[in-house]
Amino acid sequence: MPCCTIGFVLDEHQRKMSKSLGNIVEPSDIILARLGASKTSSKRKADSVAPAKISSARAGSDLDAGDTRTDVPTDAAEGFGADTLRLWAASADFSKDLSIGRVAIDTVVQSLRKVRNTARFLLSNLNDFNPATDWLTRDEMLPLDLYMLSQLHAYEAEVQAAYASNNFVQWYSATTQFTSVLLSSFYFEATKVRLYTLDPTSLDRRSCQIVLAETLRVLTHSIAPVLSFMAEDIFDHTPDALRSIFDPVFLNAVRESQKRSAVVPCAAATSYKSVFDTPWVNLPDSYHNQELDEVCGEPPRFFFVCVIVVVLID
């Protein structure tokens with residue numbers, strides 16, 4: 001559907017852009033990080049996700065586990081990247097006047113980093129997961145994980161509705177809420193003990209990894225139209241065995257299988273060269289669990305108990 005707007009793009013002081021004022025912001029100013037530093041970023045030098053080793057076009061999307069840089073870019077080659085500019089455009093309400101400047105970009109960069117860190121957490125905890133042999137039946141999964149699958153189903157439906165109506169603000173709001181609140185602040189914190197301390201092959205850990213695998217696939221497809229470079233980086237860093245989740249034939253088969261290790265991955269699963277070659281496979285409606293959603297509420301009401309065992313040695 002066509003988009004109609006009467007809004008103008010203003011500078012961060014709400015002034016129209018003009019050559020006489022010298023306040024025109026070029027797209028390259030954002031991609032190459034040539035905007036002036038804001039008061040916020042001068043106090044908190046942690047507003048960049050762009051590693052030095054990648055090109056400016058891909059800046060902000062690299063998922064190398066060894067990259068821990070959090071400094072403000074000081075060189076034009078370490079720019080914010082095209083994804084930052086695209087995310088700002090998606091987050092802006094085009095029906096009103098838009099303001100762009102370092103403060104607005106700082107906010108977008110923080111959201112970009114949250115999505116990036118979410119993807120890194122997912123990938124780092126799926127390195128030993130093989131869907132062909134480790135997928136569980138629904139009866140073997142824990143209630144918390146079934147609840148998250150239901151929430152993931154709701155997120156996917158909201159994202160697809162947003163794209164269908166060209167409502168990118170809705171997509172931005174849903175994605176930031178999902179990654180920042182439901183995943184990072186709630187589910188990741190609740191499952192770290194399972195992921196880090198249990199036996200790698202335990203059913204409780206595999207149950208969580210199924211949720212992470214489904215989330216990785218949905219999140220990658222969800223951000224691909226806007227954060228194209230980041231989506232490609234996620235796909236590039238996905239292990240070959242795990243890439244089978246992007247194959248619709250295999251994925252539907254493993255979801256419907258009632259016996260573990262009964263599904264053989266399709267050879268086409270690792271033949272995809274880009275995330276844009278892979279089809280978006282919707283989550284099954286059976287993932288939606290109205291009863292769990294009502295019991296847990298929003299935000300979810302779960303109580304976590306930590307048991308500390310003290311051993312006294314004479």
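A residue counts as buried when its relative accessible area is under 20%, as exposed when it is over 50%, and as partly exposed in between (1.4 Å probe, protein chains only). S228 has 17% relative accessibility, so S228 is buried. The structure is a predicted model, in which local features need pLDDT of at least 70, side-chain atom pairs count only at pLDDT 80 or more, and totals for chains, interfaces and linings use all residues. Residues are numbered from 1 along each chain as its sequence is written, and side-chain values use heavy atoms, with hydrogens and water left out.

S228 lies in helix α9. Helices (H or I, at least four residues) and strands (E, at least two) are DSSP runs, numbered from the N terminus. Contact means heavy atoms within 4.5 Å. Neighbours within four places in sequence aside, S228 contacts D83, R86, I223 and F276. Seven of the nine residues of α9 are buried, so this helix is largely enclosed by the rest of the structure. The buried residues are S228, M230, A231, E232, D233, I234 and F235. Their cover includes α3, α4 and α8. The charged end of R243 sits over the ring of F235, 4.2 Å from its centre. For this, NZ of Lys or CZ of Arg must be within 6 Å of the ring centre and within 35 degrees of the ring normal.

A nonpolar core is a set of buried Ala, Val, Leu, Ile, Met, Phe, Trp, Tyr and Cys residues joined through side-chain atoms within 4.5 Å. The largest such core has 73 residues, and W171, Y187 and I223 touch the most other members. Helix α7 gives the largest share, 11 residues. Beyond four places in sequence, Y187 contacts L144, D145, M148, L182, R194, C208, V211 and L212.

Y147 is in α6 and F186 in α7, so the pair ties together parts 39 residues apart in sequence. Both Y147 and F186 are buried.

Confidence is given by pLDDT, the predictor's confidence in each residue, from 0 to 100. The chain mean is 77, and 71% of residues reach 70 or more. Over residues 37-57 the pLDDT is below 50. Where pLDDT is low, the predicted coordinates should not be read in detail.
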